[in-house]
Amino acid sequence: MSNVQRPMTRVIPIPQNKVGLVIGKKGSQIQEIRNQTGVNITVKDNHAHLRGTAEQCQHAETMIEEILTRPYNKKGGFKKLNVTIPEKFMGFVIGKGRENLNNIETRTGVALKVIDNHLHFKGSTKQEKKVIREVRNMVKTRKKSNAIRFVHVDTAHLKEGHALKLSIAQPSPNTMVGLKCFKLDLEDDPLVEETPSGFADMESLKEKMLGILKQIHKEKEEEMVIVDIWCHFGHAYLINVDEDDENDLFTLEELKDRIESTAGDRWKTFFSEVETIEVEQIEKYLRDCACTTSDDIRYDLTFFTPSGLEVRVKVWLIEKELGAEGASASSFAFRHSAPLPVRNALTHVLPVEHSGDASNSPIFHICETFHQRMKLDILMPSAGFDCRLKIRTFPKSPKTTTLQAEEERNILEKYLMEMSIEDGQLTFPPISKLPDGFDLFYQRRSLRKTYQYKYDGDMFTLTVCKDQSKEVNPDQTDAYSFNESEAKPDVHLHCEEWDQVLNEGNWEPEQIIAKLPKFLEFLRKVQGILPHSNSK
């Protein structure tokens with residue numbers, strides 16, 4: 001009797017999503033099964049067709065079962081990125097046609113891949129930190145991008161038939177790269193005196209702002225938000241300009257139609273903070289006219305926490321008075337009270353024992369992030385600079401009061417309690433003292449002079465700033481030193497009546513709007529002492 005085994009066939013079903021595993025790259029897995037078992041194997045219609053002896057077929061079936069049940073690493077060397085991305089922002093992080101991920105890969109040199117709706121990367125730990133920073137910045141920007149934006153043109157020093165033209169502008173290098181930008185210029189000199197109507201279409205401007213304030217007021221009644229309103233100077237550049245319009249002259253009405261229209265082809269603006277401004281000229285004028293003045297130094301720090309929260313920290317330094325205990329001609333201390341209300345403070349950290357307005361022990365505010373609700377760009381073609389009026393809100397009761405958020409704030413507080421003042425500057429403990437997952441990504445030092453100014457019976461606060469700022473490299477182990485940073489100027493303007501009623505929470509939308517014309521009048525008055533800038 002012959003011992004030769006007759007060939008047989010066997011058909012094994014394969015789940016559709018695992019057919020590729022059995023075949024292998026370029027058929028490598030099938031070839032491996034053939035080599036080890038001697039079976040003839042083909043894969044067709046989600047089935048493995050085996051032909052060989054019973055022993056060969058059994059061996060091949062065992063190999064196939066092992067392939068189907070083994071843990072499959074479909075990540076191909078990619079590791080899960082250690083960052084939490086809210087599901088509603090995942091599509092934005094990826095971008096249309098993967099555009100945003102491609103940009104992150106270009107900036108960081110890291111390969112990225114979305115697996116099971118989570119972001120994975122292939123690279124070093126240092127590179128991972130850079131990717132996490134990029135992703136968190138994108139989510140932060142998206143969260144704050146819901147502000148209502150509109151544009152208004154100041155015509156107070158323009159006659160009805162005044163002609164305006166566009167000229168090519170060169171914004172600061174870090175803004176709107178690759179876009180063609182324009183500034184507004186006057187064809188003729190502006191009027192010396194204001195027109196009787198002041199800001200044209202003031203009623204239209206009031207109506208727009210009133211609608212926003214009414215919505216916020218509803219939220220306020222539900223104990224949801226507190227409000228902040230202020231403005232600062234800069235340049236509002238025009239983009240999205242049709243080529244046919246670039247060399248034309250425009251009347252005020254034509255200009256307003258192209259800028260303030262809601263049509264899809266309207267000109268758009270973006271606002272850039274000033275690069276240069278004669279701060280000393282402003283300060284000389286304000287010293288002569290202001291009721292009171294105060295000087296201080298403010299530091300701003302922004303952290304990302306392991307849970308993905310953005311936490312801001314504000315620290316004020318103040319020069320000690322001569323004759324005070326331990327004071328010398330150039331000694332500074334932590335300031336107890338801020339010159340303006342800190343409406344978004346979650347925690348005001350104070351020493352156990354403190355008295356007066358200065359302390360040698362750290363004093364600081366840990367703050368909630370703000371939400372931009374309105375950005376009003378005021379184009380002032382007759383002046384040296386434009387302005388942006390902002391409305392921001394902060395939650396009264398933070399939505400992030402989880403145990404993890406509280407623990408993260410406690411960790412930051414402990415870290416910040418090791419701050420000190422050396423040679424008139426705030427120094428920080430090494431970043432390495434923060435646990436993994438905390439990321440100090442932004443620092444700013446601002447020398448500020450605050451002036452209270454009485455204008456036509458109302459009080460206004462004007463803060464002249466010299467800012468030094470820096471994004472901290474994720475690989476950096478020590479906090480940034482400002483010694484070699486260039487100081488950039490800024491001017492902030494507040495209405496004290498707005499500040500007072502908004503801080504107390506007892507305000508009505510109509511009450512805020514009623515003060516708008518006076519606020520804009522004072523804004524123009526300040527513009528009158530600013531030098532005209534040819535680089536606007």
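Buried means under 20% relative accessible area. By that cut-off, 49% of the 536 residues of the chain count as buried. The model is predicted.

**View 1**
Take contacts between residues at least 6 apart in sequence. Of these, 71% join residues at least 24 apart. The close-ups that follow pick out sheets, strand pairs and helix contacts.

**View 1. Strands S1, S3 and S2 form an open, antiparallel sheet.**
The order of the 3 strands is S1-S3-S2, and the pairing is antiparallel. The edge strands are S1 (8–13) and S2 (40–44), and each pairs on one side only. On average, neighbouring strands here are turned by 20° against each other, with direction ignored.

**View 2. S1 runs antiparallel to S3.**
Two of the partners can be picked out by name. Valine 11 has histidine 49 in S3 as its bridge partner. Arginine 10 has leucine 50 in S3 as its bridge partner.

**View 3**
Return to the S1-S3-S2 sheet, with its antiparallel pairing. Which residues of S3 lie on its covered face, and which on its uncovered one? Ala48, Leu50 and Gly52 make up the covered face of S3. His47, His49 and Arg51 make up the uncovered face.

**View 4. S2 and S3 form a hairpin.**
There are 2 residues between the two strands. Aspartate 45 sits in the turn and has a positive phi of about 50°. S2 and S3 run antiparallel, joined by 5 bridges. Isoleucine 41 stands opposite leucine 50 in S3. Leucine 50 is also the bridge partner of arginine 10.

**View 5. Strands S4, S6 and S5 form another open sheet.**
The 3 strands come in the order S4-S6-S5, with antiparallel pairing. Why is one side of S4 and of S5 left without a neighbour in the sheet? Strand S4 (79–80) and strand S5 (111–115) stand at the edges, and each has a single partner strand, so one side of each has no neighbour there. S5 and strand S6 (residues 118–122) run antiparallel, with 5 bridges joining them. Leucine 112 stands opposite phenylalanine 121 in S6.

**View 6. Helix H4 crosses helix H6.**
H4 spans residues 87–94 and H6 spans residues 125–143. Their axes come within 10 Å and cross at roughly 110°. Angles of 65 to 115 degrees count as roughly perpendicular. H4 and H6 are therefore roughly perpendicular to each other. The crossing of H4 past H6 is right-handed. From H4, the residues in contact are Phe89, Phe92 and Val93. They meet Val135, Met138, Val139, Arg142 and Lys143 in H6. How many residues of this contact of H4 with H6 are nonpolar, polar and charged? The contact divides into 6 nonpolar, no polar and 2 charged residues.

**View 7. H4 also meets helix H5.**
Helix H5 takes in residues 99–108. The axes of H4 and H5 come within 5 Å and cross at roughly 65°. That angle makes H4 roughly perpendicular to H5. Phe92, Val93 and Ile94 are the H4 residues in this contact. Their partners in H5 are Glu99, Asn100 and Leu101. The residues of this contact divide into 4 nonpolar, 1 polar and 1 charged. Phe92 and Val93 of H4 take part here, and they also meet H6.

**View 8. Strand S8 pairs with S9 and with S11.**
S8 (residues 164–168) and S9 (residues 182–186) run antiparallel, and 5 bridges join them. Leucine 164 has leucine 186 in S9 as its bridge partner. S8 and strand S11 (residues 249–250) also pair in the antiparallel sense, over 2 bridges. Which residue in S11 is the bridge partner of lysine 165? The partner is leucine 249.

Conventions
Residues numbered from 1 in each chain as written. Predicted model: local features only at pLDDT ≥ 70, side-chain atom pairs only at ≥ 80, totals over all residues. Heavy atoms only, no water. Pairing = 2+ DSSP bridges. Helix = DSSP H or I, 4+ residues; strand = E, 2+ residues; numbered from the N terminus. Axes fitted to C-alpha atoms, helices over the stretch in contact; angles between N-to-C directions. Parallel < 35°, antiparallel > 145°, perpendicular 65-115°, else oblique. Left-handed = near helix turned anticlockwise from the far one by under 90°. Contact = heavy atoms within 4.5 Å. Nonpolar A, V, L, I, M, F, W, Y, C, P; charged D, E, K, R; others polar. Buried < 20%, exposed > 50% of the residue type's maximum accessible area, 1.4 Å probe, protein only.
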